[in-house]
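Hi everyone, thanks for making time this morning.

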Amino acid sequence: MTDLLLAIVHHLIVFGLAAVLAAELALMRSSTMSPQTVKLLGRFDFFYGMLAMAILVVGFVRVWYGAKGPDFYLHNHAFWAKIAAFAVVGLISIKPTMRILAWQKSLKANAAFVPTLPEIAKLRRWLLIELHVFALIPVFAAMMARGVGYGAG
Ligand code: HEM
């Protein structure tokens, strides 16, 4: 039962992360950027941070308290590849998050604030890279769940 509940929560958070990332990408467009969009990006990025922390906690709770037990994952290269991909996504997300936070400050000082076109284009590229690395995580997840890569480490 614990395993099932953890799996359900894990999947819901994963879909939440994917949805928020896709929403940020859709909003990060120079042609449609407005002060309201900047505000929305701030909100979405906050949710993204919360969900990322939640998946980290739920993920490691699954490792320790899931049906298969920690040894199944900790000796599997696919598990570590998944964690590495998750860490890379986290590192890539630092830049957009810092800029989105700075935009919220600028918006407080000037209600008509919108970022410059080159900056939006640059952050859009970061988000696209982030999304592609993010897509690797379920690939490694499916491998590790089936023991592909087990016993190699
Ligand atoms: C540090 C973060 C994470 C940890 C420690 C973690 C850990 C786990 C564990 C223990 C399982 C159970 C696998 C099994 O049934 O044996 C699992 C499944 C899964 N995880 Fe994660 N996870 C994390 C983050 C993520 C993220 C960010 C995603 C998606 C982008 C994700 C996608 C999945 C998927 C799709 C499954 C189901 C795999 C399958 O049954 O085929 N996980 N994860």
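Let me start with a definition: donors here are N, O and S atoms within 2.8 Å of the metal (3.2 Å for Na, K and Ca), and water is not among the atoms, so sites may look incomplete. Two notes on the source, too. This is a predicted model, where local features need pLDDT of at least 70, side-chain atom pairs count only at pLDDT 80 or more, and totals for chains, interfaces and linings use all residues. Residues are numbered from 1 along each chain as its sequence is written, and side-chain values use heavy atoms, with hydrogens and water left out.

So, which protein atoms are donors of the iron atom of the ligand? They are NE2 of His10 and NZ of Lys82, lying 1.7 to 2.1 Å from the iron. Histidine 10 sits in helix 1 and lysine 82 in helix 4, so this pair ties together parts that are 72 residues apart in sequence. By helices I mean DSSP runs of H or I with at least four residues, numbered from the N terminus (strands would be E, at least two).

What about the geometry? The six donor atoms around the iron subtend angles of 84 to 177°, which makes the arrangement octahedral. As a reference, the ideal angles for six octahedral donors are 90 or 180 degrees.

Buried means under 20% relative accessible area, exposed means over 50%, and partly exposed is in between, with a 1.4 Å probe and protein chains only. Histidine 10 has a relative accessible area of 11%, so it counts as buried. Leaving out residues up to four places away in sequence, histidine 10 touches Ile55, Val58, Gly59, Arg62 and Lys82, where a contact means heavy atoms within 4.5 Å.

Now the helices. Helix 1 covers residues 2-27. Its 26 residues should span 38 Å at 1.5 Å a residue, and the end C-alpha atoms are 37 Å apart, which agrees. The expected span, by the way, is 1.5 Å times one less than the number of residues. Among the buried residues of helix 1 are Leu6, His10, Ile13, Leu17 and Glu24, and their cover includes helix 2, helix 4 and helix 5.

Helix 5 has 29 residues and reaches 43 Å from first C-alpha to last, close to the expected 42 Å. The buried residues of helix 5 pack against helix 1, helix 2, helix 3 and helix 4. Just after helix 5, glycine 147 takes a positive phi of about 75°.

Between helix 1 and helix 2 there is a loop, and arginine 29 is in it. Arginine 29 is partly exposed, at 38% relative accessible area, and it touches Ile120 and Arg124, again not counting residues up to four places away in sequence.

How many salt bridges does a search of the whole structure find? One, with the cut-off being a side-chain nitrogen of Lys or Arg within 4 Å of a carboxyl oxygen of Asp or Glu. The side chains are those of glutamate 119 and arginine 99, at 2.4 Å, N to O. Glutamate 119 lies in helix 5 and arginine 99 in helix 4, so the pair ties together parts 20 residues apart in sequence. Glutamate 119 counts as buried at 19%, while arginine 99 is partly exposed at 31%.

Last topic, the aromatics. Rings of Phe, Tyr and Trp (its six-membered ring) pair if their centres lie within 6.5 Å; planes under 30 degrees apart are stacked, over 60 edge-to-face, and the rest tilted. That rule gives seven aromatic pairs. Phenylalanine 72 and tyrosine 73 form an edge-to-face one, 5.0 Å centre to centre with 90° between the planes. Tyrosine 73 and phenylalanine 79 have centres 6.1 Å apart and planes at 50°, so that pair is tilted. Phe60, Trp64, Phe72, Tyr73, Phe79, Trp80 and Tyr150 form one aromatic cluster.

Key. Four donors count as tetrahedral if all angles lie between 85 and 135 degrees; four count as square planar and six as octahedral if opposite donors are over 155 degrees apart and all others between 65 and 115; anything else is irregular.
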